[in-house]
Amino acid sequence: IVDNNVGEYEGVRMECILNPAVFRSSIGNAAATSCDIYGQLLCAGSRVMLHGFVERQEHGATQNDAGTQTQKKFWIRHSIVLRSSWRPAAIQYLLEMLQSSNISVAEAANALELPGGSQEAEALSQIKDPTKLRWKAAEISRSLQDASSRMGKVTPELEQVLDQYSALRRNFPASADNKILADNELPQQQQQQKTAPLSYGDVLLRSRYEVKKKPQVEWMIRQIEDVIQSHPGERPLQIVDIGGGKGYLANAIAQRFGSEIVNVRVIDISSGAIIMGKKRANRSSIDNIRFDKGDASTVDLAGSVDIVVSLHGCGVLTDVAIGHAISSGAAFVVCPCCFRSNPSLKVTAPFPVASAVASDQQRNIQQKNQLLSASDWLNIDFSDHEKLKQLAEIQGDINLSSKAIHTICALRAQAAKTRVISRIDDRNCLEINIKTFPISLSTRNFCIVGKLCRT
(Lines give C-alpha, C1' and ligand atoms only; values in the text may rest on other atoms or scores of the structure.)
Protein backbone atom coordinates (compact mmCIF):
# COMPACT_ATOMS: atom_id res chain seq x y z
CA ILE A 1 0.00 0.00 0.00
CA VAL A 2 1.46 3.35 -1.01
CA ASP A 3 1.43 6.12 1.56
CA ASN A 4 2.39 9.62 0.39
CA ASN A 5 1.72 11.39 3.70
CA VAL A 6 5.36 12.09 4.59
CA GLY A 7 4.57 14.24 7.62
CA GLU A 8 2.92 11.32 9.39
CA TYR A 9 6.27 9.50 9.53
CA GLU A 10 8.57 12.33 10.56
CA GLY A 11 10.89 11.06 13.30
CA VAL A 12 9.57 7.51 13.01
CA ARG A 13 12.14 4.72 12.87
CA MET A 14 11.54 2.55 9.80
CA GLU A 15 13.11 -0.49 8.21
CA CYS A 16 14.67 0.55 4.88
CA ILE A 17 14.55 -1.99 2.05
CA LEU A 18 15.88 -1.64 -1.47
CA ASN A 19 13.10 -2.08 -3.98
CA PRO A 20 14.02 -4.71 -6.63
CA ALA A 21 13.70 -1.95 -9.21
CA VAL A 22 16.88 -0.40 -7.80
CA PHE A 23 18.89 -3.43 -8.90
CA ARG A 24 17.57 -3.18 -12.44
CA SER A 25 17.67 0.57 -13.03
CA SER A 26 20.57 2.43 -14.61
CA ILE A 27 21.03 6.00 -15.75
CA GLY A 28 23.66 6.00 -18.46
CA ASN A 29 25.84 2.92 -18.28
CA ALA A 30 23.86 -0.33 -18.31
CA ALA A 31 26.66 -2.07 -16.41
CA ALA A 32 26.26 0.26 -13.41
CA THR A 33 22.94 0.12 -11.57
CA SER A 34 21.67 2.73 -9.14
CA CYS A 35 22.44 0.27 -6.36
CA ASP A 36 26.09 0.04 -7.48
CA ILE A 37 26.53 3.78 -7.86
CA TYR A 38 24.89 5.01 -4.67
CA GLY A 39 26.37 2.16 -2.68
CA GLN A 40 29.75 3.79 -3.40
CA LEU A 41 28.60 7.36 -2.82
CA LEU A 42 26.61 6.87 0.41
CA CYS A 43 29.62 6.93 2.73
CA ALA A 44 30.52 8.82 5.89
CA GLY A 45 30.12 12.56 5.43
CA SER A 46 27.61 12.42 2.57
CA ARG A 47 24.02 13.70 2.71
CA VAL A 48 21.36 11.96 0.65
CA MET A 49 17.66 12.06 -0.15
CA LEU A 50 15.90 8.70 -0.42
CA HIS A 51 12.80 8.39 -2.63
CA GLY A 52 10.39 5.50 -2.17
CA PHE A 53 7.21 4.21 -0.56
CA VAL A 54 6.08 3.44 2.97
CA GLU A 55 4.19 0.23 3.57
CA ARG A 56 1.49 0.56 6.21
CA GLN A 57 -0.95 -1.83 7.82
CA GLU A 58 -4.63 -1.02 7.29
CA HIS A 59 -5.71 -2.70 10.52
CA GLY A 60 -3.11 -1.34 12.91
CA ALA A 61 0.50 -2.25 13.57
CA THR A 62 1.41 -5.90 13.53
CA GLN A 63 3.45 -7.72 16.16
CA ASN A 64 6.16 -10.29 15.70
CA ASP A 65 6.39 -13.65 17.49
CA ALA A 66 7.99 -12.01 20.53
CA GLY A 67 5.01 -9.71 20.93
CA THR A 68 6.87 -6.50 20.09
CA GLN A 69 5.60 -4.01 17.54
CA THR A 70 7.19 -4.33 14.10
CA GLN A 71 8.71 -1.33 12.31
CA LYS A 72 7.15 0.18 9.24
CA LYS A 73 8.91 -0.62 5.99
CA PHE A 74 10.31 2.03 3.65
CA TRP A 75 10.93 0.69 0.14
CA ILE A 76 13.71 2.73 -1.50
CA ARG A 77 13.42 3.20 -5.24
CA HIS A 78 15.87 6.02 -5.88
CA SER A 79 18.58 8.09 -4.17
CA ILE A 80 19.94 11.58 -4.77
CA VAL A 81 23.23 12.81 -3.35
CA LEU A 82 22.58 16.23 -1.82
CA ARG A 83 26.16 16.69 -0.63
CA SER A 84 29.14 14.47 -1.37
CA SER A 85 31.45 13.14 1.29
CA TRP A 86 34.67 15.15 1.59
CA ARG A 87 36.74 12.00 1.05
CA PRO A 88 38.78 12.28 -2.20
CA ALA A 89 38.02 8.69 -3.22
CA ALA A 90 34.25 9.31 -3.03
CA ILE A 91 34.60 12.58 -4.97
CA GLN A 92 36.71 10.94 -7.66
CA TYR A 93 34.13 8.16 -8.04
CA LEU A 94 31.36 10.74 -8.38
CA LEU A 95 33.37 12.54 -11.09
CA GLU A 96 33.87 9.25 -12.92
CA MET A 97 30.11 8.57 -12.77
CA LEU A 98 29.53 12.09 -14.07
CA GLN A 99 31.79 11.39 -17.03
CA SER A 100 29.93 8.17 -17.83
CA SER A 101 26.56 9.97 -17.51
CA ASN A 102 25.53 7.83 -14.53
CA ILE A 103 25.18 11.01 -12.46
CA SER A 104 23.46 14.05 -13.92
CA VAL A 105 25.33 17.33 -14.31
CA ALA A 106 22.87 19.11 -11.99
CA GLU A 107 23.18 16.47 -9.25
CA ALA A 108 26.99 16.53 -9.43
CA ALA A 109 27.08 20.34 -9.29
CA ASN A 110 24.87 20.38 -6.18
CA ALA A 111 26.59 17.44 -4.46
CA LEU A 112 30.07 18.95 -4.93
CA GLU A 113 28.87 22.50 -4.18
CA LEU A 114 30.68 23.78 -7.25
CA PRO A 115 30.88 27.60 -7.38
CA GLY A 116 30.42 27.48 -11.16
CA GLY A 117 27.34 25.26 -10.88
CA SER A 118 26.30 23.08 -13.81
CA GLN A 119 28.72 24.83 -16.16
CA GLU A 120 31.67 23.82 -13.99
CA ALA A 121 30.30 20.29 -13.64
CA GLU A 122 30.02 20.06 -17.41
CA ALA A 123 33.67 21.10 -17.73
CA LEU A 124 34.68 18.43 -15.18
CA SER A 125 32.84 15.79 -17.21
CA GLN A 126 35.15 16.55 -20.15
CA ILE A 127 38.43 15.86 -18.28
CA LYS A 128 40.03 12.83 -19.90
CA ASP A 129 43.29 12.69 -17.95
CA PRO A 130 42.90 10.42 -14.86
CA THR A 131 45.71 12.23 -13.09
CA LYS A 132 44.13 15.63 -13.48
CA LEU A 133 40.83 14.11 -12.32
CA ARG A 134 42.51 12.86 -9.14
CA TRP A 135 44.08 16.26 -8.51
CA LYS A 136 40.73 17.95 -9.08
CA ALA A 137 39.05 15.55 -6.62
CA ALA A 138 41.64 16.51 -3.99
CA GLU A 139 40.96 20.22 -4.56
CA ILE A 140 37.19 19.76 -4.31
CA SER A 141 37.73 17.72 -1.14
CA ARG A 142 39.26 20.75 0.54
CA SER A 143 36.29 22.96 -0.36
CA LEU A 144 33.86 20.44 1.17
CA GLN A 145 35.66 20.22 4.50
CA ASP A 146 34.47 22.26 7.46
CA ALA A 147 33.57 21.83 11.12
CA SER A 148 30.60 19.58 10.22
CA SER A 149 32.84 17.08 8.39
CA ARG A 150 35.53 17.09 11.06
CA MET A 151 36.62 13.73 12.47
CA GLY A 152 37.57 14.22 16.09
CA LYS A 153 36.58 16.59 18.85
CA VAL A 154 38.02 20.10 18.97
CA THR A 155 37.66 21.63 22.41
CA PRO A 156 37.71 25.36 23.23
CA GLU A 157 41.15 24.80 24.79
CA LEU A 158 42.51 23.55 21.47
CA GLU A 159 41.03 26.48 19.56
CA GLN A 160 42.48 28.87 22.15
CA VAL A 161 46.00 27.62 21.40
CA LEU A 162 45.51 28.43 17.72
CA ASP A 163 44.27 31.93 18.55
CA GLN A 164 47.25 32.43 20.84
CA TYR A 165 49.65 32.20 17.89
CA SER A 166 47.72 34.25 15.33
CA ALA A 167 50.31 37.06 15.49
CA LEU A 168 53.11 34.58 14.82
CA ARG A 169 51.31 33.32 11.70
CA ARG A 170 51.08 36.92 10.50
CA ASN A 171 54.82 37.37 11.09
CA PHE A 172 55.53 34.28 8.97
CA PRO A 173 52.77 34.20 6.34
CA ALA A 174 52.44 31.19 4.06
CA SER A 175 52.68 32.05 0.35
CA ALA A 176 51.24 29.67 -2.25
CA ASP A 177 53.55 28.51 -5.03
CA ASN A 178 51.39 26.29 -7.25
CA LYS A 179 53.75 26.03 -10.19
CA ILE A 180 55.16 22.67 -11.24
CA LEU A 181 58.01 22.47 -13.74
CA ALA A 182 56.80 22.65 -17.33
CA ASP A 183 58.29 20.41 -20.01
CA ASN A 184 60.68 23.03 -21.39
CA GLU A 185 62.06 23.80 -17.89
CA LEU A 186 63.34 20.28 -17.34
CA PRO A 187 66.88 19.23 -18.25
CA GLN A 188 67.26 17.74 -21.73
CA GLN A 189 67.97 14.30 -20.26
CA GLN A 190 64.68 14.26 -18.35
CA GLN A 191 62.70 15.50 -21.35
CA GLN A 192 63.87 12.43 -23.26
CA GLN A 193 62.95 9.92 -20.57
CA LYS A 194 60.02 7.58 -21.15
CA THR A 195 58.40 8.80 -17.98
CA ALA A 196 56.58 11.97 -18.97
CA PRO A 197 57.76 15.24 -17.36
CA LEU A 198 55.38 17.12 -15.17
CA SER A 199 53.13 19.75 -16.57
CA TYR A 200 50.00 20.12 -14.49
CA GLY A 201 47.76 17.27 -15.56
CA ASP A 202 48.53 17.50 -19.29
CA VAL A 203 50.29 14.13 -19.47
CA LEU A 204 48.93 10.76 -18.41
CA LEU A 205 50.85 9.83 -15.26
CA ARG A 206 50.53 6.21 -14.31
CA SER A 207 52.10 5.18 -11.00
CA ARG A 208 51.42 6.63 -7.57
CA TYR A 209 54.99 7.98 -7.59
CA GLU A 210 54.36 9.86 -10.83
CA VAL A 211 50.95 11.11 -9.68
CA LYS A 212 51.85 12.26 -6.16
CA LYS A 213 55.54 12.04 -5.29
CA LYS A 214 57.24 13.18 -8.47
CA PRO A 215 55.36 16.50 -8.72
CA GLN A 216 56.40 17.22 -5.12
CA VAL A 217 60.02 16.37 -5.93
CA GLU A 218 59.97 18.70 -8.94
CA TRP A 219 58.43 21.45 -6.80
CA MET A 220 61.19 20.97 -4.22
CA ILE A 221 63.80 21.09 -6.98
CA ARG A 222 62.61 24.57 -7.95
CA GLN A 223 62.89 25.80 -4.35
CA ILE A 224 66.34 24.23 -3.98
CA GLU A 225 67.49 25.74 -7.28
CA ASP A 226 66.55 29.20 -6.00
CA VAL A 227 68.49 28.55 -2.77
CA ILE A 228 71.52 27.30 -4.74
CA GLN A 229 71.55 30.33 -7.03
CA SER A 230 71.60 32.78 -4.12
CA HIS A 231 74.07 30.79 -2.00
CA PRO A 232 77.43 32.62 -1.59
CA GLY A 233 79.44 29.45 -0.97
CA GLU A 234 81.99 27.93 -3.35
CA ARG A 235 80.84 25.24 -5.76
CA PRO A 236 80.23 22.39 -5.52
CA LEU A 237 77.87 23.00 -2.60
CA GLN A 238 77.44 20.25 -0.03
CA ILE A 239 73.77 19.21 0.31
CA VAL A 240 72.53 16.86 3.03
CA ASP A 241 69.13 15.13 2.74
CA ILE A 242 67.80 14.20 6.18
CA GLY A 243 65.62 11.06 6.17
CA GLY A 244 65.62 10.71 2.40
CA GLY A 245 67.00 7.18 2.18
CA LYS A 246 64.86 6.05 -0.76
CA GLY A 247 66.60 8.69 -2.82
CA TYR A 248 63.61 10.25 -4.57
CA LEU A 249 64.66 13.82 -3.79
CA ALA A 250 68.41 13.30 -3.34
CA ASN A 251 68.92 11.51 -6.66
CA ALA A 252 66.85 14.18 -8.43
CA ILE A 253 69.03 16.94 -6.92
CA ALA A 254 72.30 15.21 -7.83
CA GLN A 255 71.13 14.50 -11.38
CA ARG A 256 69.50 17.89 -11.92
CA PHE A 257 72.49 20.06 -10.94
CA GLY A 258 75.47 17.77 -11.59
CA SER A 259 78.79 17.28 -9.80
CA GLU A 260 80.13 20.75 -10.67
CA ILE A 261 77.33 22.40 -8.68
CA VAL A 262 76.46 19.97 -5.86
CA ASN A 263 77.53 16.92 -3.91
CA VAL A 264 74.67 15.18 -2.11
CA ARG A 265 74.75 13.12 1.07
CA VAL A 266 71.74 11.16 2.35
CA ILE A 267 71.35 10.23 6.03
CA ASP A 268 68.63 7.74 7.00
CA ILE A 269 68.27 5.29 9.87
CA SER A 270 66.57 2.67 7.69
CA SER A 271 68.93 0.16 6.05
CA GLY A 272 66.23 -0.88 3.60
CA ALA A 273 65.64 2.68 2.45
CA ILE A 274 69.39 3.28 2.04
CA ILE A 275 69.77 0.14 -0.09
CA MET A 276 66.84 1.20 -2.26
CA GLY A 277 68.27 4.71 -2.72
CA LYS A 278 71.69 3.36 -3.70
CA LYS A 279 70.14 1.05 -6.28
CA ARG A 280 68.24 3.95 -7.84
CA ALA A 281 71.41 6.05 -7.98
CA ASN A 282 73.40 3.21 -9.56
CA ARG A 283 70.74 2.57 -12.20
CA SER A 284 70.95 6.23 -13.22
CA SER A 285 74.79 6.29 -13.01
CA ILE A 286 74.74 9.17 -10.50
CA ASP A 287 78.23 9.64 -9.04
CA ASN A 288 77.86 12.82 -6.96
CA ILE A 289 75.81 11.22 -4.19
CA ARG A 290 76.48 9.05 -1.13
CA PHE A 291 74.12 7.22 1.23
CA ASP A 292 74.91 6.84 4.93
CA LYS A 293 72.94 4.83 7.47
CA GLY A 294 72.73 6.72 10.73
CA ASP A 295 70.64 8.57 13.29
CA ALA A 296 70.20 12.08 11.91
CA SER A 297 69.60 13.49 15.38
CA THR A 298 73.09 12.52 16.59
CA VAL A 299 75.24 12.85 13.46
CA ASP A 300 77.84 15.65 13.44
CA LEU A 301 77.46 17.85 10.35
CA ALA A 302 79.56 20.79 11.55
CA GLY A 303 81.43 22.41 8.67
CA SER A 304 80.32 19.78 6.14
CA VAL A 305 77.02 21.13 4.84
CA ASP A 306 75.87 24.18 2.84
CA ILE A 307 72.20 23.26 2.35
CA VAL A 308 69.97 20.87 4.34
CA VAL A 309 66.87 19.41 2.65
CA SER A 310 64.10 17.07 3.73
CA LEU A 311 60.87 16.08 1.96
CA HIS A 312 58.17 15.00 4.42
CA GLY A 313 60.46 14.75 7.42
CA CYS A 314 58.36 12.82 9.93
CA GLY A 315 57.53 14.77 13.07
CA VAL A 316 60.57 16.00 15.00
CA LEU A 317 62.83 14.93 12.12
CA THR A 318 61.88 18.24 10.49
CA ASP A 319 63.16 20.10 13.57
CA VAL A 320 66.33 18.00 13.49
CA ALA A 321 66.95 19.02 9.85
CA ILE A 322 66.45 22.73 10.54
CA GLY A 323 68.55 22.49 13.71
CA HIS A 324 71.46 21.02 11.77
CA ALA A 325 71.17 23.78 9.17
CA ILE A 326 71.22 26.54 11.79
CA SER A 327 74.09 24.91 13.71
CA SER A 328 76.15 24.75 10.50
CA GLY A 329 75.22 28.19 9.17
CA ALA A 330 73.56 26.46 6.22
CA ALA A 331 70.51 27.16 4.08
CA PHE A 332 67.56 24.75 4.18
CA VAL A 333 64.46 23.59 2.31
CA VAL A 334 62.34 21.38 4.56
CA CYS A 335 58.82 20.00 4.09
CA PRO A 336 57.25 18.62 7.32
CA CYS A 337 54.89 15.67 7.78
CA CYS A 338 53.35 13.34 10.42
CA PHE A 339 53.51 15.85 13.24
CA ARG A 340 53.23 13.36 16.10
CA SER A 341 56.07 11.11 14.92
CA ASN A 342 59.58 10.74 16.41
CA PRO A 343 58.77 12.65 19.63
CA SER A 344 61.90 11.38 21.41
CA LEU A 345 64.39 12.82 18.90
CA LYS A 346 66.66 15.61 20.14
CA VAL A 347 67.40 18.75 18.12
CA THR A 348 70.96 20.01 17.71
CA ALA A 349 70.83 23.80 17.98
CA PRO A 350 72.94 26.80 19.04
CA PHE A 351 71.90 29.11 21.87
CA PRO A 352 69.35 31.78 20.87
CA VAL A 353 70.29 35.46 20.50
CA ALA A 354 67.90 38.08 21.77
CA SER A 355 68.75 40.76 19.22
CA ALA A 356 69.93 40.93 15.64
CA VAL A 357 73.30 42.31 16.78
CA ALA A 358 75.32 39.62 18.54
CA SER A 359 78.41 40.53 20.57
CA ASP A 360 81.65 38.58 20.29
CA GLN A 361 80.93 37.12 23.72
CA GLN A 362 77.51 35.91 22.58
CA ARG A 363 79.02 34.39 19.45
CA ASN A 364 81.62 32.55 21.53
CA ILE A 365 78.93 31.13 23.81
CA GLN A 366 77.02 29.88 20.80
CA GLN A 367 79.93 27.95 19.35
CA LYS A 368 78.75 25.00 21.46
CA ASN A 369 75.48 23.39 20.44
CA GLN A 370 72.69 22.17 22.69
CA LEU A 371 70.63 18.99 22.40
CA LEU A 372 67.04 20.05 22.94
CA SER A 373 63.60 18.49 23.03
CA ALA A 374 61.32 19.69 20.24
CA SER A 375 59.30 21.85 22.67
CA ASP A 376 62.43 23.51 24.08
CA TRP A 377 63.78 24.10 20.58
CA LEU A 378 60.51 25.81 19.62
CA ASN A 379 60.34 27.65 22.97
CA ILE A 380 56.78 26.48 23.52
CA ASP A 381 55.00 24.89 26.46
CA PHE A 382 54.92 21.09 26.07
CA SER A 383 51.15 20.98 26.54
CA ASP A 384 50.55 23.65 23.88
CA HIS A 385 52.89 21.83 21.50
CA GLU A 386 50.90 18.61 21.95
CA LYS A 387 47.65 20.44 21.27
CA LEU A 388 48.99 21.96 18.06
CA LYS A 389 50.21 18.56 16.86
CA GLN A 390 46.79 17.08 17.63
CA LEU A 391 45.08 19.80 15.58
CA ALA A 392 47.56 19.35 12.72
CA GLU A 393 46.46 15.71 12.40
CA ILE A 394 42.70 16.42 12.45
CA GLN A 395 40.97 14.76 9.48
CA GLY A 396 37.96 16.13 7.64
CA ASP A 397 38.62 19.83 8.33
CA ILE A 398 41.58 20.86 6.18
CA ASN A 399 41.21 24.55 7.04
CA LEU A 400 41.65 23.83 10.75
CA SER A 401 44.53 21.38 10.30
CA SER A 402 46.26 23.73 7.84
CA LYS A 403 46.09 26.55 10.37
CA ALA A 404 47.71 24.28 12.96
CA ILE A 405 50.40 23.17 10.48
CA HIS A 406 51.06 26.82 9.60
CA THR A 407 51.43 27.61 13.31
CA ILE A 408 53.99 24.81 13.84
CA CYS A 409 55.92 25.93 10.75
CA ALA A 410 55.92 29.51 12.03
CA LEU A 411 57.27 28.33 15.38
CA ARG A 412 60.06 26.50 13.54
CA ALA A 413 60.83 29.57 11.45
CA GLN A 414 60.98 31.73 14.58
CA ALA A 415 63.25 29.20 16.35
CA ALA A 416 65.63 29.26 13.37
CA LYS A 417 65.60 33.04 13.19
CA THR A 418 66.43 33.55 16.87
CA ARG A 419 69.34 31.08 16.80
CA VAL A 420 70.94 31.71 13.43
CA ILE A 421 72.95 34.88 14.08
CA SER A 422 76.06 33.31 15.59
CA ARG A 423 76.54 30.93 12.65
CA ILE A 424 76.12 33.46 9.84
CA ASP A 425 78.97 35.90 9.22
CA ASP A 426 78.39 39.64 8.77
CA ARG A 427 78.48 39.41 4.97
CA ASN A 428 75.52 37.04 4.74
CA CYS A 429 71.92 36.81 5.90
CA LEU A 430 69.31 34.07 6.10
CA GLU A 431 65.85 34.81 4.69
CA ILE A 432 63.21 32.46 6.12
CA ASN A 433 59.87 31.97 4.37
CA ILE A 434 56.97 29.53 4.52
CA LYS A 435 55.58 28.29 1.20
CA THR A 436 52.88 25.85 0.11
CA PHE A 437 52.60 23.63 -2.96
CA PRO A 438 49.28 22.46 -4.51
CA ILE A 439 47.15 20.67 -1.95
CA SER A 440 46.05 18.28 -4.70
CA LEU A 441 49.48 16.65 -4.32
CA SER A 442 49.37 16.32 -0.53
CA THR A 443 47.52 17.79 2.45
CA ARG A 444 50.97 18.11 4.07
CA ASN A 445 51.86 20.85 1.63
CA PHE A 446 53.86 23.35 3.73
CA CYS A 447 57.57 24.00 3.23
CA ILE A 448 60.01 26.10 5.28
CA VAL A 449 62.75 27.71 3.21
CA GLY A 450 65.86 29.35 4.63
CA LYS A 451 67.79 31.09 1.84
CA LEU A 452 71.35 32.20 2.48
CA CYS A 453 72.35 35.31 0.56
CA ARG A 454 74.76 38.27 0.54
CA THR A 455 73.83 41.34 2.58
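A word on the ground rules: residues are numbered from 1 along each chain as its sequence is written. In this predicted model local features need pLDDT of at least 70, side-chain atom pairs count only at pLDDT 80 or more, and totals for chains, interfaces and linings use all residues, while side-chain values use heavy atoms, with hydrogens and water left out.

Let's start with the whole protein. Its secondary structure comes to 17 helices and 13 strands; these are DSSP runs numbered from the N terminus, with helices being H or I of at least four residues and strands being E of at least two. Of the 455 residues, 48% count as buried, where buried means under 20% relative accessible area, exposed means over 50%, and partly exposed lies in between (1.4 Å probe, protein chains only). Among contacts (heavy atoms within 4.5 Å) with a separation of 6 or more, 73% come from residues 24 or more positions apart.

Now to the helix packing. Two packed helices are described by the angle between their axes and the distance between the axes. Here the axes are lines fitted to C-alpha atoms, for helices over the stretch in contact, and angles run from 0 to 180 degrees between N-to-C directions. Helix H13 (residues 316-327) packs with helix H17 (residues 398-419) at about 20°, with their axes 10 Å apart. H13 and H17 are therefore roughly parallel; angles under 35 degrees count as roughly parallel, over 145 as roughly antiparallel, 65 to 115 as roughly perpendicular and the rest as oblique. On the H13 side, Thr 318, Asp 319, Ile 322 and Ile 326 meet Arg 412, Ala 416 and Arg 419 of H17. The residues of this contact divide into three nonpolar, one polar and three charged. In that count Ala, Val, Leu, Ile, Met, Phe, Trp, Tyr, Cys and Pro are nonpolar, Asp, Glu, Lys and Arg are charged, and the others, Gly among them, are polar.

The second pair has another geometry to look at. The axes of helix H7 (residues 156-164) and helix H16 (residues 382-392) come within 9 Å and cross at roughly 100°, which makes H7 roughly perpendicular to H16. The residues of the contact between H7 and H16 divide into five nonpolar, two polar and three charged.

Follow the chain on from H16 and you reach Asp 397, in the loop between H16 and H17. Asp 397 is buried, with a relative accessible area of 4%. Its side chain joins that of Arg 150 through a polar contact of 2.8 Å. A polar contact is a pair of N or O atoms within 3.5 Å; within protein, one must be able to donate a hydrogen and the other to accept it, and residues adjacent in sequence count only if both atoms are side-chain atoms. Not counting residues up to four places away in sequence, Asp 397 touches Gln 145, Asp 146, Ala 147 and Arg 150.

Ser 375, in helix H15 (residues 374-378), is also buried, at 8% relative accessible area. Its side chain makes a polar contact of 3.0 Å with the side chain of His 385.

Finally, the backbone. Most residues other than glycine have a negative phi, and most peptide bonds are trans. Arg 235 and Pro 236, however, are joined by a cis peptide bond, with omega about 0°. Ser 285 has a positive phi near 55° and counts as exposed at 65% relative accessibility. Asn 342 also has a positive phi, of about 50°, and is partly exposed at 32%.
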